[in-house]
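Dear colleague,

Please find the structure below, handed over for your study. I would ask you to keep it open while you read the notes that come after it.

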Amino acid sequence: MSERRKFIKKSLLGSALLVPGVSTAFAGIQKNQLIAEKPLILSTWNHGLPANAAAIAKLKETGSILDAVETGVKDTELDLSNLSVGLQGLPDREGITTLDASIMTGDGSCGSVAFVRQVKHPISLARAVMEKTPHVMLAGEGARQFAIAEGFPIEKEELSPKAKEAYEKWKITSKYKPVINIENHDTIGMIGMDKDGNLAGSCTTSGLAYKMHGRVGDSPIIGAGLYVDNEVGAATATGLGESIIRVCGSFLIVELMRQGRSPQEACEEAVKRLISKNKNIKDIQAGFLAMNKEGQIGAYAVHPGFNFAQGTLGSNVMVDSKSHF
Ligand code: SD4
């Protein structure tokens, strides 16, 4: 691409980014055209805006993209209004909130925790698994024991007032049916690149509301909810975890980018694959978010309603994703 075309594309994007907090129409930007500046942080859904801001502040402070993606999603883990992330999230069928999280850097280092209880920052526990154990994933009571050994505070096990109220209501019928963009809409997946092109990502969730006790979604599964490779790019996922695991969604996107697809094309192909492998697609929402090493961005979902926050040093805006239906 000529330098002039690159400049025009950057300018177009720049003008979209000048209005903080204003949603831009991603649909208007052609495939392959979205080139953002570095550093770049992308994260899923509206809570991505404050999360991106926390990530960017951390990046400015330490210069570490790993620190940035950990700190960014910690903000969401503490957000009491978010009922799909952190200990305030909606519980499983038994009334117990269990958390899943993963973290990864572009050199292949990764860590995750699944089905963990009483830990306020599962993302930091996932980072500790990555940095302090020979393993990639710890689950359930073992993950909690590791948290205790590492000095993480263990929280009292009680539902937040909002979650308790919702759970009591749910118990009246006790029916579980994932509802598009209502129940499945709040996980945070964050991917970021520093000014030198080093990548990292994080993903954290309380999973699906009223899931079976022991259910683990895509978010802590490296390759499903998150995948990062410094040679290519990064991807993360949100939505019905079972549908995402079936196609190894985030890994699939990174591999498609490795073969030359743009992040947008890769996200669209992954959604197509997901649709082909899942029955009752009208009841399933899933969305993917990706970037490549050049700073090109992709986002695509099964149904309308998915959005993401795009942050750079100078701006932080919401962008609407396109969808298959
Ligand atoms: C899960 N993928 O546990 C998560 C849920 C989610 O936005 O993404 N909600 O299946």
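Predicted model: local features only at pLDDT ≥ 70, side-chain atom pairs only at ≥ 80, totals over all residues.

Residues are numbered from 1 along each chain as its sequence is written, and side-chain values use heavy atoms, with hydrogens and water left out.

The ligand site

There are 13 residues around the ligand, and Thr187, Arg215, Asp218, Gly239 and Gly241 come nearest; a residue is near if one of its heavy atoms lies within 4 Å. By class, this shell holds 1 nonpolar, 9 polar and 3 charged residues. Here Ala, Val, Leu, Ile, Met, Phe, Trp, Tyr, Cys and Pro count as nonpolar, Asp, Glu, Lys and Arg as charged, and the others, Gly among them, as polar.

The protein covers 99% of the 290 Å² of accessible area that the ligand has on its own (Shrake-Rupley method, 1.4 Å probe).

Arg215 lies in the loop between strands S7 (199-205) and S8. Strands are DSSP runs of E, at least two residues long, numbered from the N terminus. Arg215 is buried, with a relative accessible area of 12%; buried means under 20% (1.4 Å probe, protein chains only).

The UniProt record, an unreviewed entry, marks a "binding site" that covers Arg215, Val216, Gly217, Asp218, Thr238, Gly239, Leu240 and Gly241. Such annotations may be inferred rather than shown by experiment.

Strand S9

Why is strand S9 described as largely enclosed by the rest of the structure? The reason is that 7 of the 7 residues of S9 (residues 233-239) are buried. Gly233, Ala235, Ala237 and Gly239 point one way, while Ala234, Thr236 and Thr238 point the other way. In a regular strand the side chains alternate between the two faces of the sheet.

S9 runs antiparallel to S8 (residues 226-229), joined by 4 bridges, and strands pair if DSSP finds at least two bridges between them. A hairpin of 3 residues connects S8 to S9, and Leu226 has Thr236 as its bridge partner. S9 is also antiparallel to S10 (residues 286-292), with 7 bridges, and Gly239 stands opposite Ala286 there.

With kind regards

How values were computed. Buried < 20%, exposed > 50% of the residue type's maximum accessible area, 1.4 Å probe, protein only.
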